[in-house]
Amino acid sequence: MEVLDTNEGHALKLLIVDDDDVDRERLRRMLSKSDIETSISEASTIEDSMDFLSNDDYDCVIVDYRLGLNSGLTLLNSIRTTMDRHCAVIMVTGLGDEEVAAEAMRLGASDYLLKSQLQSPQLIRAIISSIHRAELEKKLHDMAHYDNLTGLASRPLLLENLQQIIINKEAAAVAFLDLDNFKPVNDNYGHDTGDYVLVTIANRLKQILRKSDTLARIGGDEFVLLLRDVSCRDECDGFLNRLIELVNTPIALTEFECQVQVSASIGVALVSNDSLEADTILRRADQTMYQAKNMGRNNIIFFDPEEERRQYARRAMLQAAERGIKLDEFELYYQPQVDMQEHQLIGVEALIRWNHPTMGFLYPGDFTEVLEHPNTGVLIGEWVLQEALRQHSIWQKNDLVISVNIAPAHLLSKNFVHRLEQLLKSIPNFNPNLLEIEILETVSISDIVNAVEVVKACCKLGIHVALDDFGTGYSSLNYLKQLPLNTLKIDRSFIQNILSDPEDRAIVACIVALSKAFNYKLIAEGVESLEHEQALIEIGCLCGQGYFIAKPMTADNMTAWIRYYNQKHNIH
């Protein structure tokens with residue numbers, strides 16, 4: 001192996017690969033006749049040439065088709081598959097075989113020259129042309145594979161490297177990093193400053209990255225790290241925590257004489273042996289990053305297959321629910337509310353049920369996430385209100401209050417009060433005082449300001465408002481004072497044990513006193529026996545609902561039950 005250099009400086013770096021000393025010398029003489037400065041290396045075998053290419057960058061490789069027992073096509077293929085840098089490759093041969101020429105071009109050769117016809121001007125033109133073509137290819141490659149701002153890999157190159165790891169069945173981890181609170185940097189200091197922050201973060205990440213790893217920028221403030229030879233969480237936890245520290249280090253903005261600080265949320269997916277595509281693994285890391293982001297700042301979460309299954313089941317349930325609305329799979333059941341002392345029916349609570357095509361008859365607890373979803377839950381909530389009022393108009397009872405549970409997302413959804421007002425107007429001769437919306441104490445307090453405003457607007461329409469599951473949340477007296485409530489509903493967990501637990505009985509007695517002080521109607525949930533009913537009357541809670549009075553039932557059965565109950569107690 002011999003290295004022969006001419007003038008350095010801006011000389012073209014060329015590598016001649018030929019097993020014939022005479023042919024190598026002939027090529028060298030041809031090159032010496034040109035005014036172009038060159039730095040020439042020579043190799044006689046594929047192994048020697050790959051050593052040169054691994055240790056240095058060359059502008060052009062001139063390779064003979066025949067290299068002893070090997071073919072120059074083998075070298076072409078090695079350059080194409082193992083070398084990161086695009087360099088021009090010219091194949092020279094004593095053969096005029098068109099199939100060989102076509103194969104050489106397919107494997108990445110820039111040109112194909114016949115030794116018998118080769119002259120110095122032709123060789124020089126081929127080299128210059130091939131180098132220009134290689135430079136253009138490199139620019140196009142870089143545009144597609146590298147981020148213009150940071151110089152980091154972009155999504156295509158990241159996916160190529162990840163797919164190669166998958167094919168080789170190597171261990172690796174994909175860490176998807178999203179900067180927290182980056183938007184205020186752009187908003188307050190401009191996009192040029194935002195770009196400066198992104199470049200600073202990118203340079204910091206490059207400092208701690210190993211040579212074998214890949215760092216990519218695939219979105220505005222999103223980075224992905226492909227960490228090789230990582231098979232479990234313990235192997236990269238320390239590195240990722242160090243990475244979080246680097247991101248959090250304040251960045252000085254000289255122009256504004258201040259500092260900015262951003263944080264990061266990281267989702268990590270390990271490359272496993274379950275034959276997944278690169279896109280799938282990247283998507284897993286992306287979704288896991290959003291879980292980390294929802295937990296706050298500077299969190300690192302690893303992908304959990306069980307969580308993915310839960311998310312998939314959740315999405316499937318949401319899609320099924322939206323179909324169910326269109327296919328009339330939902331149904332309202334009704335449970336009576338009575339004055340237990342006077343034996344008078346005072347209201348009914350509308351309770352949703354789902355006749356699921358494959359899962360069967362479902363109670364609200366079976367699809368809570370659907371009911372609380374900000375889109376699907378609102379659609380179902382609107383249907384419940386419409387159906388409940390439609391059924392009330394069929395009963396034509398001007399003294400019967402119908403209660404409807406309103407999920408927090410529905411209550412706080414845009415234009416809730418306006419839609420409710422339009423619905424009330426669409427029901428002929430309906431008295432708004434006969435509609436009572438039930439809101440949960442445990443969740444309504446989480447957005448008390450908005451909840452209070454919505455509830456007040458509902459009251460202006462004449463609608464009554466009940467606070468459901470009272471006693472299980474964190475309501476303060478000030479909170480009760482702000483909300484214009486009509487009814488408190490004592491949670492069943494307190495009612496169940498009033499016969500045996502003095503503390504629960506005392507809590508119920510306190511709630512009775514509270515309701516009298518605020519002039520609220522009081523209803524006990526979960527009245528399961530005659531003894532419960534009698535105990536509640538003794539304490540002073542006169543209204544209730546529960547299985548002892550009646551289980552929830554269909555609208556037709558509710559119609560028959562009302563008739564039976566009134567006849568039983570001689571009510572006309």
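In which strands of the protein is confidence lowest and highest? In this predicted model, the lowest confidence falls in strand S1 (residues 2-5), with a mean of 39, whereas the highest is found in strand S16, at 97. Over the protein, pLDDT averages 88, and 94% of the residues score at least 70. Residues 1-8 remain under 50 in pLDDT; for this segment the model has 22 contacts beyond four places in sequence. Where pLDDT is low, predicted coordinates should not be read in detail.

An open sheet is built from five strands in the order S10-S11-S9-S14-S15, and its pairing is mixed. Strand S10 (214-217) and strand S15 (300-302) form the edges, each pairing on one side only. From one strand to the next, the twist averages 20°. Within this sheet, strand S9 (residues 172-180) and strand S11 (residues 222-228) run antiparallel and are joined by seven bridges.

Strand S17 (residues 344-356) has pairing partners in strands S16, S18 and S19. Of the 13 residues of S17, 10 are buried, so this strand is largely enclosed by the rest of the structure.

The pairing of S17 with strand S16 (residues 330-339) is antiparallel and comprises 10 bridges. Here Gln337 stands opposite Gly347 in S17. The two strands form a hairpin with four residues between them, and in this hairpin His343 adopts a positive phi near 55°. Strand S16 is also the element in which confidence is highest.

A second hairpin is formed by S17 and S18, with three residues between the strands. Strand S18 (residues 360-362) pairs with S17 in the antiparallel sense over three bridges, and Asn355 has Phe361 in S18 as its bridge partner. In contrast to these antiparallel pairings, S17 and strand S19 (residues 401-405) run parallel and are joined by four bridges. In the latter pairing, Val348 lies opposite Ile402 in S19.

Definitions and conventions:
Residues are numbered from 1 along each chain as its sequence is written. This is a predicted model: local features need pLDDT of at least 70, side-chain atom pairs count only at pLDDT 80 or more; totals for chains, interfaces and linings use all residues. Side-chain values use heavy atoms; hydrogens and water are left out. Two strands pair if DSSP finds at least two bridges between them. Axes are lines fitted to C-alpha atoms, for helices over the stretch in contact, and angles run from 0 to 180 degrees between N-to-C directions. Buried means under 20% relative accessible area, exposed over 50%, partly exposed in between (1.4 Å probe, protein chains only). pLDDT is the predictor's confidence in each residue, from 0 to 100. Contact means heavy atoms within 4.5 Å.
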